[in-house]
Amino acid sequence: MESIVVAIITGVMTLAEVILSNSKSRAVMEVKLDALTEKVEKHNCLVERTYALERDMELVKSDLKTIKGKVA
């Protein structure tokens, strides 16, 4: 009978430790995921700005060709 009580107490303690460990691990993972999400958002913003710059450069090149054509 005594060994059963000890086994139950040990099982409950082990279960509590596993739950606590998992919650800490999950909290760390959520923090890392938030940081990664922020980096991805910054990267996406940079990519969008780069595309806008490339589009604007094409317009400038086109305007330059037009101006050179009028001058020559």
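Buried residues account for 0% of the 72 residues in the protein, where buried means under 20% relative accessible area, exposed over 50%, and partly exposed in between (1.4 Å probe, protein chains only). The model is predicted: local features need pLDDT of at least 70, side-chain atom pairs count only at pLDDT 80 or more, and totals for chains, interfaces and linings use all residues. Residues are numbered from 1 along each chain as its sequence is written, and side-chain values use heavy atoms, with hydrogens and water left out.

The protein contains one helix and zero strands. These elements are DSSP runs numbered from the N terminus (helices: H or I, at least four residues; strands: E, at least two). The radius of gyration is 31 Å, well over the 11 Å that the globule rule gives for 72 residues, so the protein is more spread out than a compact globule. This radius is taken over C-alpha atoms, and the rule is 2.2 Å times the number of residues to the power 0.38. Along the principal axes, the C-alpha atoms fill a box of roughly 105 × 10 × 5 Å.

The protein exposes about 7,000 Å², with 67% supplied by carbon and sulfur atoms. Accessible areas come from the Shrake-Rupley method with a 1.4 Å probe; for residues, only the protein chains shown count as cover. Met 1, Val 5, Ile 9 and Met 13 make a nonpolar surface patch of about 470 Å². Patch residues have over 30% relative accessible area and no salt bridge; nonpolar side chains (Val, Leu, Ile, Met, Phe, Trp, Tyr) are joined within 5 Å, like charges within 9 Å. Met 13 lies in helix 1 (residues 2–71). Its relative accessibility is 57%, so Met 13 counts as exposed.

Side chains of opposite charge can pair when their charged atoms come close. Three salt bridges are counted, each defined as a side-chain nitrogen of Lys or Arg within 4 Å of a carboxyl oxygen of Asp or Glu. Arg 26 and Glu 30 meet at 3.3 Å, N to O. Both lie in helix 1, four residues apart, about one turn of the helix. Arg 26 is exposed at 55%; Glu 30 is partly exposed at 43%. Glu 38 and Lys 42 form a salt bridge at 3.7 Å, N to O. This pair is also in helix 1, with a spacing of four residues, about one turn. Glu 38 is partly exposed at 46%, and Lys 42 is exposed at 57%. Asp 56 and Arg 55 meet at 3.9 Å, N to O.
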